[in-house]
Amino acid sequence: MLGAHLSRLGVGGTHYRRLSPALSFRLLQVSNASSSVEYRPIKSVLVANRGEIAIRVFRACTELGIKSVAVYSEQDKMHMHRQKADESYLIGKGLPPVDAYLSVPEIIRVAKENDVDAIHPGYGFLSERSDFAQACLDNELRFIGPSPTVVQQMGDKVAARQTAIKAGVQVVPGTDNPVTTAEEAYQFCVKYGLPVMLKAAYGGGGRGMRVVRELNEVKESFSRASSEAEAAFGNGAMFIEKFIEKPRHIELQVLGDRAGNVVHLYERDCSVQRRHQKLVEVAPAPNLDQKVREAMAADAVKLCRSVGYENAGTVEFLLDNQGNYYFIEVNARLQVEHTVTEEITGIDLVQSQIRITEGMTLPELGMSQDKITPQGCAIQCRVTTEDPAKSFQPDTGRLEVFRSGEGMGIRLDGASAYAGAIISPYYDSLLMKVISRAGDLHASAAKMNRSLREFRIRGVKTNIPFLLNVLENQKFLNGTIDTTFIDENPQLFQFKPSQNRAQKLLNYLGNVLVNGPLTPLATGLKPAEIYAGIPPTPAATEPPRGFRDILVAEGPEGFAKAVRKHKGLLLMDTTFRDAHQSLLATRVRTHDLLKVSPFVSHNFSNLYSLENWGGATFDVALRFLHECPWERLEAMRKLIPNIPFQMLLRGANGVGYTSYPDNAVYKFCELSVKAGMDIFRVFDSLNYLPNMLLGIDAAGKAGGVVEAAISYSGDISNSSKTKYTLQYYMDLAEQLVKAGTHVLCIKDMAGLLKPQAAKILVSSLRDRYPDIPIHVHTHDTSGAGVASMLECGYAGADAVDVAVDSMSGMTSQPSMGAVVASLMGHNLDTGMDLSVISQYSAFWEQTRTLYAPFECAVTMKSGNADVYQNEIPGGQYTNLQFQAFSLGLGDQFEDVKKAYREANMLLGDLIKVTPSSKVVGDLAQFMVQNKLTAADVEANAENLSFPKSVIEFMQGYLGEPHGGFPEPLRTKMLKGLPVVEGRPGSTLASMDFPAMKERLVEDHGPRITDYDVLSSAMYPQVTDDFLYFRDKYGPVDKLDTRIFLTGPKVGEEFEVEIEKGKTLHIKTLAMAEDLNVNGEREVFFELNGQLRSVMVRDQEAIKELHVHPKVTPGAKGQVGAPMPGTVVEIRVKVGDEVTKGAPLVVLSAMKMEMVVQAPCDGVVTTLDISKDMKLEGDDLILTVEPK
């Protein structure tokens, strides 16, 4: 029977055996039909489009047994749509990207040369061009869409409007004919009033649409909209209509055939729009009155019948809140959102288009109106490469990662959405359409939400965060939205930014491999290739109680009493801070500190405290280790809950090198206690009492233990030294006790406290203050540290400083093991186990080798008693060495030490501890670098340009030194600069923390915390740099130290635990030898078993290439490209004065134009672009010097 039918249709039996099952079934359908419409089967279809819609049509063709043919522009040669077709051909060689797809002759040529039967236009481009439809017919090619006459009639919005009026369908008041000039638009608005809607007369999709509310904006808006329409549709004519406030946008899907049958497939709600471009569509429209639904559908069918509409189309209406609806246009083509209609009706619209073009009628396809019923609810979200946080600016680049969200009830329509795909600036920003289907709106939204959350897209920004906010908005879920939904719900733009940690870490590793270490290394030594063995700790057991438990229970006073009652000598372990500051330039990372923290907590619970924060560790963590010091403190607190933490607080200098407003110091102490700090060792670099009193008060009010420190210098056992005498220290101690200190500390920062002097000072303090705990801090630079600390214990000190053996000695603290062993059996016995100390030491002995690039032992092989002469603090000694090397003075370090002594005397023999020690060190380096003696400095001070730190010291910004400033040297150095009288911070205006946080959030995003604000208060530029670095490279603090410093080897496999329960497995695969045109190398990794790659600009190689400069993060006045695109207009020149918000440049990308505005009032000083130049995101456009 089938053979007979095929014979009637002119298809022989032999040919039939070569037909696909799909085509055979179609022929059988037609053979049973009684329609008079001629049926001509289609054997091949060319899609005159690109992207996901082209692939959508190809898939329909494949299912129908039809050959598919793609066309592609030169820019799309790597695009997926050409690979999905059976055949693909280049068009528009030498033409601009969009023009290639608008070239009717080129498309017709390809179709004729390759035996194509029909052309599907997709949407956009030529889909609503009647001349294209006619050209197809003129060349004996079938156009899969309405007839050219209907395309022209419906595509011309004025003609469509007149047709609707004739058909009895209500329309919005507007122009009778297309408008082609800005002056015509202006006159219409003057006559009919505002607001109005400007719309492209020959296209849709939101391109060329503008709402104008002010008369002075009409001409500029018309020009921009017309330009967009010209670029998108080849015709810039506009249609103007009255703007209806707060309508719903409802559209009806229709299908018509050549026999005059027209049906509707129900409606879609497209009210979630941005710039009149749809983002989310729902079918059927929720909460739509049934009478309105039926009336709209009837009008849509009536209108289409009146013009003899055939094939697929969409009739669009605006629905006001009174239930009145107005026809706005007919899209005589397939719509982007056709998918939701397919999902609720089960009808394949693309296949239906093809079958209707072949000559099948709707009844033959089983489509009578009574048989079409909607089932459930479908939602479509358009995932675009746009940044909703920046007004939906298009983003382009390479998809470094792409992982979609699939599963039951989810349909994905995409094109080039895969890792490695290039998102170009030439076309629409649509990346993928995600369609969900379920029983109702809530269930469908839940599926969509789940799917979008599964997506992982890296390399370009997407609108997914915005879509998720829409899907979780109660108005959307209730189905009560209109076209102002986005504008009236600013909370939709409050995003929790994606962390993108894995890809950022790969970018960091790639940068280290290509460009070398991203933290400066002090020596040529490399980190050891070992993994330090971590001593075992009992699993799932609480650590023993320690002094912190007493502190928490009884407060600072109870803690101090418990310390005094303790029988043995207590120890403070400096391994976590001062030891590595002295030996390894403060470079030990949180990663390694946390490894051994549980062991310390379980085995050293009887420590007086653990020194682990403050001082140089704060800014070094931010500046060089690229990690947050506050996060370090919180992490250590979780792992060590039982041992008190101690920090260095530089009095009114906080943890910085200058004076701060008082409120900054108080707030810093408050947050420090919140993060886990217990004991504040408060000192001043000059023993300047007013500065210390502020720090004491701030630490006390924060709830911390106040340990006021006397910074020790000189030698009280030497009667010839008369500046810093025993009486001087006793008088200072008296003031500190009166101020309410809980503990007295002797801070011997250079290791100058000889055993005899220790005995004199400690015994004198103990005699005068029998109830106050005494703690002694020292350095072992001379090698006499153990002897001095033992003498302190014998004289009545309660606690002394030590470092674990492998991190002790030289400029660090005395050996823990030596002190413990020396007191065994004595009444000051520490109660510590040497074998446990040995395990602790073994860990640090191995770990220390990871920090070989910063190892002080490179230049300092042993302790040195010349410290009694130069008085260089232990924590500064190694840093001074590394500074000398960086300044080219490495072989002159002995000269630097001598100059340090001379500089100290020039400045008046200072108490030397950070920041005063830095002043002395800077002056010493300055003297050696310029070959100056002390006499030279004194004689020529008026003619020399001294380091900033020296000048600020002389001005009084650190306070007043004991004995006053050296004159006349001070006067000569300052050359008339103002001086500060009294405590510097007392005259400084309070910091505005909310304003600081607002600025940081503006610059760095919403993840800014109060901790970040205080970091910025102490170190503004360093904190900015850290935050930029963290945003770019992610949690680099989670990397193993060797890999962090020098990167992995090719072929190396390693793991990174980015948080509990989330571990990345990374393997370094290869690095490309060749550069691309941007001076980048591709570095390949395997991440959790999947291939990943990153593009890294080779900073050395690009010196020989011309690469457009980028905006410097944080640089004021620099204006960067907000999106990739082409410069279409430059409105300023160098020397022009501009006001904030003034238009500077017009960019075009993805068929959207954007005006780049001036960031401030000022003068244009550089112009780094030219017309038609193609820019990447953040490329430097120009610089404005602020007024």
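Is G751 buried or exposed, and what is its relative accessibility? With a relative accessibility of 3%, G751 counts as buried, where buried means under 20% relative accessible area, exposed means over 50% and partly exposed lies in between, using a 1.4 Å probe and protein chains only.

The model is predicted, and local features need pLDDT of at least 70, while side-chain atom pairs count only at pLDDT 80 or more and totals for chains, interfaces and linings use all residues. Residues are numbered from 1 along each chain as its sequence is written, and side-chain values use heavy atoms, with hydrogens and water left out.

G751 is found in the loop between β28 (743–747) and α28 (755–768); helices (H or I, at least four residues) and strands (E, at least two) are DSSP runs, numbered from the N terminus. Leaving aside residues up to four places away in sequence, G751 touches T778, H779, S782 and Y868, a contact being heavy atoms within 4.5 Å. S713 is 38 residues from G751 in sequence, and their C-alpha atoms are 8.9 Å apart in space.

S429 lies in another loop, between β20 (422–423) and β21 (430–438), and counts as buried at 5% relative accessibility. The side chains of S429 and E386 are joined by a polar contact of 3.1 Å, that is, a pair of N or O atoms within 3.5 Å of which, within protein, one must be able to donate a hydrogen and the other to accept it, residues adjacent in sequence counting only if both atoms are side-chain atoms.

**Cysteines**

A disulfide is a covalent bond between the sulfur atoms of two cysteines. A search of the whole structure finds zero disulfides, the criterion being a pair of cysteine sulfur atoms within 2.5 Å. Two cysteines show why particular pairs do not qualify, since the sulfur atoms are too far apart for a bond.

**Strands and sheets**

Strand β23 (residues 570–573) is covered on both faces, with L570 and M572 buried on one side and L571 and D573 buried on the other. Four bridges join β23 to the parallel strand β30 (residues 799–802), where D801 is the bridge partner of M572. Two bridges join β23 to β24 (residues 609–614), also in parallel, and there D573 has L610 as its bridge partner.

Eight strands form an open antiparallel sheet in the order β13-β12-β9-β10-β11-β14-β21-β19, two strands being paired if DSSP finds at least two bridges between them. Because β13 (325–331) and β19 (410–414) stand at the edges with a single partner strand each, one side of each is left without a neighbour in the sheet. β12 (residues 311–319) pairs with β13 in the antiparallel sense over six bridges, and Y325 in β13 is the bridge partner of L319.

A further open sheet consists of four strands in the order β31-β32-β33-β34, with antiparallel pairing. Its edge strands are β31 (1053–1059) and β34 (1090–1097), each of which pairs on one side only. Eight bridges join β33 (residues 1080–1087) to β34, and V1083 has V1094 in β34 as its bridge partner. Helix α19 (residues 501–515) packs on this sheet, touching β31, β32 (1062–1071), β33 and β34, and its direction makes about 55 degrees with that of β34; axes are lines fitted to C-alpha atoms, for helices over the stretch in contact, and angles run from 0 to 180 degrees between N-to-C directions.
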